[in-house]
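Please work through the following exercises with the structure in view. Each one sets a task and is followed by a solution in steps.

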Amino acid sequence: MPSEPSRRLTSVIEVAITIAVASLLILWLSSSLSNRDLLWFWPVFDGQASTITIYAQGQTVRLYPGDPGYDEMQATFNAEVAKHAGYYESFAPSQESVDYYRTQGLAVEVAYAKPTKVHNRFFFPEFDRLFVPLDGSYNYLGQPLLMRQFNGVWGPGVIILTSDAQIRAAAEQVLNSQ
């Protein structure tokens, strides 16, 4: 039969474990409710693009599954999208800015056949298109941005990527192979 001090120690440990588990559950639940994503902590993005479009000063290159360069561009894009550094809640691209990038700038646009989600700690709703400007009018922010579109509407809430260097390098590799 356990002694009185060992029962007290066991009781204290059980209370500490219960408090820790409850605290983690509250943290997870509050984050899940605020950004409407139960998997907000999941550090992987594995969206499968139906089309990857690279815009470079008026040149447009579209990649489809099975095309040369598609798999590398898809893997690079997904890896960089999973690395986010922040969020601009009320920032949304204008259609004019997106059109500028499509005709005169450097950007990567990725379309998805079905609504897709980037899991993160910010409210970034589902989308059917992602857009990463690589130069031009958004450079004043000094941070690489990930913009989203759903049903033809560019929505507010822009993710700040840790870097766009790998996306830029992959896009330039595809452009140079054309």
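**Exercise 1.** Determine whether aspartate 99 is buried, partly exposed or exposed in this predicted model.

*Solution.* The relative accessible area of aspartate 99 is 36%. A residue is called buried under 20% and exposed over 50%, with partly exposed in between. Aspartate 99 is therefore partly exposed.

**Exercise 2.** Trace the salt bridges that link Asp99, Arg102, Glu109 and Arg129.

*Solution.* 

Step 1. Begin with aspartate 99, which forms a salt bridge with arginine 102; their closest N and O atoms are 3.6 Å apart. The criterion requires a side-chain nitrogen of Lys or Arg within 4 Å of a carboxyl oxygen of Asp or Glu. Both residues belong to helix α3 (residues 95-103), and because they are three residues apart there, about one helical turn separates them. Arginine 102 has 23% relative accessibility and so counts as partly exposed.

Step 2. Continue from arginine 102 to glutamate 109, where the side chains meet in a salt bridge with an N to O distance of 2.7 Å. Glutamate 109 has a relative accessibility of 2% and therefore counts as buried.

Step 3. Glutamate 109 also forms a salt bridge with arginine 129, the closest N and O atoms being 3.1 Å apart. Glutamate 109 lies in strand β4 and arginine 129 in strand β5, so this pair ties together parts that are 20 residues apart in sequence. With a relative accessible area of 25%, arginine 129 is partly exposed.

Step 4. Taken together, Asp99, Arg102, Glu109 and Arg129 are linked in a network of salt bridges. The structure has four salt bridges in the count. As a general principle, side chains of opposite charge can pair when their charged atoms come close.

**Exercise 3.** Identify the strands that pair with β5, and decide whether β5 is enclosed.

*Solution.* 

Step 1. Strand β4 (residues 106-116) is joined to β5 by six bridges, and the two run antiparallel.

Step 2. Strand β5 covers residues 127-133, and six of its seven residues are buried, so the strand is largely enclosed by the rest of the structure.

**Exercise 4.** Describe the largest nonpolar core and the elements that supply it.

*Solution.* 

Step 1. The largest nonpolar core has 30 residues, of which Met73, Phe77 and Val108 touch the most other members.

Step 2. Two or more residues of this core come from each of β1 (51-56), β2 (59-63), α2 (70-81), β4, β5, β8 (158-161) and α4 (165-176). Helix α4 gives the largest share, five residues.

Step 3. For phenylalanine 77, set aside the neighbours within four places in sequence; its contacts are then Val108, Val110, Tyr112, Leu130, Val132, Leu146 and Ile167.

Step 4. Another core, of 11 residues, lies apart from the largest one and includes Phe91, Val98, Leu145 and Val158. In soluble globular proteins, nonpolar side chains tend to be buried together.

**Exercise 5.** Locate glycine 47 and list what it touches.

*Solution.* 

Step 1. Glycine 47 is placed in the loop between α1 and β1.

Step 2. Its relative accessible area is 5%, so glycine 47 is buried.

Step 3. Not counting residues up to four places away in sequence, glycine 47 touches Gln74, Asn78, Tyr112 and Thr116. Glycine 47 and valine 81 are 34 residues apart in sequence, while their C-alpha atoms are 9.9 Å apart in space.

**Exercise 6.** Find the nonpolar surface patch that contains Ile13.

*Solution.* 

Step 1. Isoleucine 13 lies in helix α1 (residues 4-35). Its relative accessibility is 44%, and it therefore counts as partly exposed.

Step 2. Ile13, Ile17 and Val21 form a nonpolar patch on the surface, with about 280 Å² of accessible area together.

**Exercise 7.** Summarise the protein as a whole.

*Solution.* 

Step 1. The secondary structure comprises four helices and eight strands. Along the sequence, they follow the pattern α-β-β-α-β-α-β-β-β-β-β-α.

Step 2. Of the 178 residues, 43% are buried. The protein exposes about 9900 Å², and carbon and sulfur atoms supply 59% of that area.

Step 3. Among contacts between residues at least 6 apart in sequence, 65% join residues at least 24 apart.

How values were computed. Residues are numbered from 1 along each chain as its sequence is written. This is a predicted model: local features need pLDDT of at least 70, side-chain atom pairs count only at pLDDT 80 or more; totals for chains, interfaces and linings use all residues. Side-chain values use heavy atoms; hydrogens and water are left out. Patches are made of residues with over 30% relative accessible area and no salt bridge: like charges are joined within 9 Å, nonpolar side chains (Val, Leu, Ile, Met, Phe, Trp, Tyr) within 5 Å. Accessible areas come from the Shrake-Rupley method with a 1.4 Å probe; for residues, only the protein chains shown count as cover. Buried means under 20% relative accessible area, exposed over 50%, partly exposed in between (1.4 Å probe, protein chains only). Two strands pair if DSSP finds at least two bridges between them. A nonpolar core is a set of buried Ala, Val, Leu, Ile, Met, Phe, Trp, Tyr and Cys residues joined through side-chain atoms within 4.5 Å. Contact means heavy atoms within 4.5 Å.
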